[in-house]
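Reader: I have a model to work through with you. Please take its features one by one, with the general idea before the case.

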Amino acid sequence: MGVFLLVVIGSVWALAQDSRFLYLLVYVWFGLAYGVLLQYGRFCMASAVRDLFAVKVPRMAVGMMIAVALYALVATVVTLAGFSTFHPNAMGWHIVIGAAIFGFGIVFTGGCASGSLYKAGEGNMNSMLVIVAISFSQAIVVTASGWWDSLVPQSWIDSAAAKDMPAELTVNEGWFDIFTAGYIWDLKGSTTAEAFGMAETATGIVLMNTMLTAILPVAIILVALYVFYYRKGHLRRTGKTAPSLGDEIAGIWAMCISSKNTALAGIGLGILAGLHMYVTGALREHYDIFNFGELLVAMGYTNGLSIQDTVFDPGYWYITTQEAQWGGWIMQQLGINSMDSIFFGLDNGLPNPLLNAPGFMSIGIILGASVMALARREFKWKLPSWETAFFAIVGGTLMGIGARLAMGCNIGAFFATVTNGDPSGWVFLFGMVIGAYVGVKAFTWYMDWNDARKGSECGL
Amino acid sequence: MAMSFNKTADGEWELNVCGYACPHPQMYTKKALQKLESGDVLSLVFDNPSSGESIMAMCEAEGNDLIDRQEGSGSFTWKIRKA
């Protein structure tokens, strides 16, 4: 309750400074609500792919599909109403590679990007370390130059140089700038409706984006999860030896509601994520802006904006980019110039964390999860050991590298994309599944090695 | 902080995975249950709430009985009887 009151007082104070902080507070309160639901449903997308392979439990994969279906349905209404804030991602090999690195990392950190935030809200200091590692690894990846530049092929360097970008961005230096300008910008990204020239039509939005890109794949994945992970146990429990089609459908339903907390959180998160887009879209129309940066300028805050006077402001649930900004902002304060990169200097800016609207969404998630964990008497400070701290830092670093290569994490590059008609998110999920599968194999090998080493002590 | 797995009495075992986040608790639980004989009881102590949901699903899938759940102050002690 104390945490909740703190957010209320903070919100009132911010509005008293300038009523236009309402735009930022929308992120705070949606973040808080996400945090409450994530903790309530133990809703971690790392678990969705990891627990399938590690312990053969489809609970979270099912929850994730429920959330995707609900978000897609609400996003349809928001898009039809003209308030969508969504931009599709560029489609390319970088998604598979980045997602695989990200998927490998999440097995070792014990949570995805959002999962680490809500677990930090439960008092888990390992998860806090993961957030720090994600923040700095991303900031370093997007600003690094020197030997890193030898990682990119000459064709990308030539293509980046041909883009005629402002000199202060030095796009010929810094491998991520070259990767962005010389590779990503040459790729295409579109929703399915756009690809079929139906972006402006209700048929395109409903049939192509919602049904074909979200609902149909969700249905196929749910059936696959049932067949491979749930059916056998379900038939044993119900005593059916020759199940009818009705029995199979009842089985899929039983799988969907087998963890009520997860299913309810999935429904709630799906609806909230869609509403978030609507509220931010409506506020942009109200203030007549495209980006929070314009509002910051109008309020007299001009530090840390990109050269386009923008800041990172997706208008929907997103995690990793704002964390990269935290890392980049600290590096900037330490005298390491990070604004000569495309990522910060041209696109996202490096605002003071106190003015970073999506950053407050991440903080909102931590606080929302704390409210829920305290209310359920599940909050406990958990200090890292050397072993868990090592996994948190190495895994978090891999998550940061993977998220930047794939242009987002399981939220921004998967959850927000497939629900808005952008099929690139399924490519991300494919990569993340491969990474998590290899990660589980590596983790199992580590456990066996570790147990053999300490066999007499632990007896496992 | 370290994981511990001990036999506490005939047919009774205790696995303590406090301090570990996912996926350690559920993976160690799976491993521990593989060591038990049918009818043995495992007392599982953990403090990562998210693992509980997966462990519950694991028990349901394998047919193991979750016979007791004590929870409080951020820690969980569950008793699982192996099918």
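Author: What follows goes from confidence to the chain contact, the core, a helix pair and some backbone details. Residues are numbered from 1 along each chain as its sequence is written, and chains are lettered from A and ligands numbered from 1 in the order in which they are written. This is a predicted model, in which local features need pLDDT of at least 70, side-chain atom pairs count only at pLDDT 80 or more, and totals for chains, interfaces and linings use all residues.

Reader: What is the mean pLDDT of chain A?

Author: pLDDT is the predictor's confidence in each residue, from 0 to 100. Where pLDDT is low, the predicted coordinates should not be read in detail. For chain A the mean is 94, with 99% of residues at 70 or more. Helices (H or I, at least four residues) and strands (E, at least two) are DSSP runs, numbered from the N terminus.

Reader: How many residues of chain A are in contact with chain B?

Author: Two residues are in contact if their C-beta atoms, placed from the backbone, lie within 7 Å. By that rule, 36 residues of chain A contact 29 residues of chain B. On the chain A side, α3 (45-54), α7 (125-143), α13 (260-287) and α20 (424-453) each supply at least two residues. The largest share, four residues, comes from α3(A). By class, this side of chain A has 10 nonpolar, 15 polar and 11 charged residues; Ala, Val, Leu, Ile, Met, Phe, Trp, Tyr, Cys and Pro count as nonpolar, Asp, Glu, Lys and Arg as charged, and the others, Gly among them, as polar.

Reader: Which residues have the most contacts inside the largest nonpolar core?

Author: In soluble globular proteins, nonpolar side chains tend to be buried together. A nonpolar core here is a set of buried Ala, Val, Leu, Ile, Met, Phe, Trp, Tyr and Cys residues joined through C-beta atoms within 7 Å. A residue is buried if 20 or more other C-beta atoms lie within 10 Å of its own, exposed if 12 or fewer, and partly exposed in between. The largest core has 160 residues, and those with the most contacts inside it are Ala61(A), Met65(A), Val68(A), Tyr71(A), Phe102(A), Ala406(A) and Phe428(A). Helix α4 (residues 59-80) of chain A gives the most to this core, 15 residues. Beyond four places in sequence, the residues that Ala406(A) touches include Phe102(A) and Phe428(A).

Reader: Is Met45(A) buried or exposed?

Author: Met45(A) lies in helix α3 of chain A, and it counts as buried because it has 26 C-beta neighbours inside 10 Å. Met64(A), 19 residues away in sequence, is 6.8 Å from Met45(A), C-alpha to C-alpha.

Reader: At what angle do the axes of α7(A) and α15(A) cross?

Author: Axes are lines fitted to C-alpha atoms, for helices over the stretch in contact, and angles run from 0 to 180 degrees between N-to-C directions. The axes of α7(A) and α15(A) (residues 320-333) come within 7 Å and cross at roughly 75°. The two helices are therefore roughly perpendicular; angles under 35 degrees count as roughly parallel, over 145 as roughly antiparallel, 65 to 115 as roughly perpendicular and the rest as oblique.

Reader: Which peptide bond is cis?

Author: Most residues other than glycine have a negative phi, and most peptide bonds are trans. The bond from Cys22(B) to Pro23(B) is cis, with omega near -5°. Asp288(A), not a glycine, has a positive phi of about 60°.
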